[in-house]
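The sequence and the structure are shown first.

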Amino acid sequence: MDLYLYNTLTKRKEKFEPLNPPYVGMYTCGPTVYNYAHIGNLRTYIFEDILKRVLIYNGYIVKHVMNITDVGHLTSDADEGEDKIEREAKKERRSAWEIAEFYTEAFKRDLKKLNILEPDIWCKATDHIQDFIDLILILERKGYTYRTSDGIYFDTSKVPDYGKLAGQDLENLLPGARVEYNPEKKNPTDFALWKFSPKDVKRQMEWDSPWGVGFPGWHIECSAMSTKYLGQPFDIHCGGIDHIPIHHTNEIAQSEAAYDKPMAKYWLHGEFLIMGEKRMGKSEGNFITLSDLEEKGYHPLSYRYFCLTAHYRSPLKFTWSALEAAQRALFRLYENMKKYPKEEAKYDEKYEEEFHKAINDDLDMPKALAITWELVKDDKLAPEVKRATLLQFDKVLGLSLDNPPEIKIEIPEEIWKLVEERELARKNKDWEKADRIREEIKNRGYIIEDTPQGPRIKKATPLTK
Ligand SMILES: Nc1ncnc2c1ncn2[C@@H]1O[C@H](COP(=O)(O)OP(=O)(O)OP(=O)(O)O)[C@@H](O)[C@H]1O
Ligand SMILES: [Zn+2]
């Protein structure tokens, strides 16, 4: 079945035709590891995971590379301000290396909790300094670079189709860059390939280079590492939509200038998770982490399910009530799954075809979920066939349907005591007392649900409180 994907480069949904089938090279811009990922960042990694699973579902052999930016990402994407890692190191009074290591591990744990398949190659910027220098040397030799007092810059006016990814004329590009326009730059859109260490502050991360001691620009990192591991051109490059006008535009400019061939064939971008009226962002100061959700009684996979309810190219507004609804739906799916007998069966071909069509239509996950529920509600299908079909879908959904998780929460001893007291009151038909205890338990942050198997205790979420 043909697979269609929306390509930011051509602004069209295109039939996916890899350069070297059945192999697919895929590069996803990884995190800048100066803090925990927020659930907005994680929405992008969930979208990329769905993309990768859909490719695998279609029989492709995917080589997935993800970088870790542990140096060079400045507080402004326009090459101004402090290095995010060094700034955090100062704040936390730890070394920049420790900060990077700590948040890299935290990031990997988040991915695991969300059932995100691990990349085949993780590449860390600080392990590839020589690769960056080599690429800058090629650009220098070809006349694309110039020197200012604070670094080596790329001259974007030398690239006739600069900005083609964003599809705007240069006047409209990079409003941020123009505001903070460094007067030594020849063009507002020019960007740093190598920055010199400042004279007044000692940096923790810095390296010698043919131009002076300093550190790489953020964009050169992804250009050099993607080409090193996937060649050029490679098939798919992705990230969040904020990467279109600056980061990916600059990656394309450097890589194509260096090698005179396209960088990647397909460019896919995930829309934002919105919090209130703005995108969720560390720099926006309105962010929530996966641990915040867990502390409030939500399972990470409920967040994954929540993300699947929207198309990756639509903004998604985060609300607690929507997350609550997603958790309920997911756990209803688990309840159904547990009821089906674990017998060998083949999946239902009609449903599988519909599901496959939906995912191959530019990853239409809301439709794929609707088909999933249609299947669950279909009385004509044998339960073991339902199970087999759901397991087939789960190769893409990634919701652990074969092994539904429980929400593991620590229930304090005192709450158990109250639960037992309430059970006793109920046995004695003292309903008033039982209700009083239920209220008491609720005030302490837990919810009792009476089920035929006895009481079940859950941590109260902001909505059930
Ligand atoms: N609100 C959001 N919704 C979805 N994806 C997002 C959001 N904010 C950032 N992203 C994406 O998350 C990924 C990781 O970004 P990165 O680690 O560079 O975060 P960041 O830019 O430092 O975060 P922030 O801008 O929030 O401080 C990128 O692909 C980026 O496009
Ligand atoms: Zn990148």
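Two strands are taken to pair if DSSP finds at least two bridges between them. In strand E11 of this predicted model, Pro216 is the bridge partner of Trp194.

**Domain layout**

The protein is divided into domain 1 (18-270), domain 2 (275-397) and domain 3 (413-459). Between the C-alpha centres of domain 1 and domain 3 there are 53 Å.

**The antiparallel sheet**

An open sheet is formed by four strands in the order E8-E9-E10-E11, with antiparallel pairing. Strand E8 and strand E11 (214-216) are its edge strands, and each pairs on one side only. From one strand to the next, the twist averages 25 degrees. Backbone hydrogen bonds are the means by which strands of a sheet pair, in either the parallel or the antiparallel sense. The table lists the antiparallel pairs with their bridges and one pair of facing residues for each.

| Strand pair | Bridges | Facing residues |
|---|---|---|
| E8 (residues 145-148) and E9 (residues 151-154) | four bridges | Thr145 and Phe154 |
| E9 and E10 (residues 191-196) | four bridges | Tyr153 and Ala192 |
| E10 and E11 | three bridges | Trp194 and Pro216 |

E8 and E9 also make a hairpin, with two residues between them.

Strand E4 (residues 61-68) runs parallel to E7 and is joined to E7 by four bridges. Within this pairing, Val65 stands opposite Ile121 in E7.

**Annotated positions**

The UniProt record annotates residues 31-41 as a short sequence motif, the 'HIGH' region. In the model, the end C-alpha atoms of residues 31-41 lie 8 Å apart, and the span is 27% helix and 0% strand.

Under "binding site", UniProt lists Cys29, Cys222, His247 and Glu251. These residues span 223 residues in sequence, yet no two of their C-alpha atoms are more than 11.0 Å apart, so they gather at one spot. Of the listed residues, Cys29 is placed in the loop between E3 and H1.

Rolling a probe the size of a water molecule over the atoms shows where empty space is left. How many cavities of 30 Å³ or more does the structure hold? There are five, and the largest cavity has a volume of about 140 Å³.

The lining of the largest cavity consists of 15 residues, of which Phe47, Cys307, Ala310, His311 and Tyr312 lie nearest its centre. At least two residues of this lining are supplied by each of H1, helix H9 (300-308) and helix H12 (365-377). Which helix supplies the largest share of the lining of the largest cavity? That share, five residues, comes from H1.

Technical notes:
Residues are numbered from 1 along each chain as its sequence is written. Chains are lettered from A and ligands numbered from 1 in the order in which they are written. This is a predicted model: local features need pLDDT of at least 70, side-chain atom pairs count only at pLDDT 80 or more; totals for chains, interfaces and linings use all residues. Side-chain values use heavy atoms; hydrogens and water are left out. UniProt positions are given in the numbering used here, feature names are shortened, and annotations may be inferred rather than shown by experiment. Domain bounds come from an automatic or database domain assignment. On a 1 Å grid over the protein atoms alone, a cavity is a set of points where a 1.4 Å probe fits but cannot get out, and a pocket is an open set with protein on both sides within 12 Å along at least five of seven lines; lining residues have an atom within 4 Å of a point. Grid points are joined across faces, edges and corners, and a volume is the space filled by probe spheres set on the points. Axes are lines fitted to C-alpha atoms, for helices over the stretch in contact, and angles run from 0 to 180 degrees between N-to-C directions.
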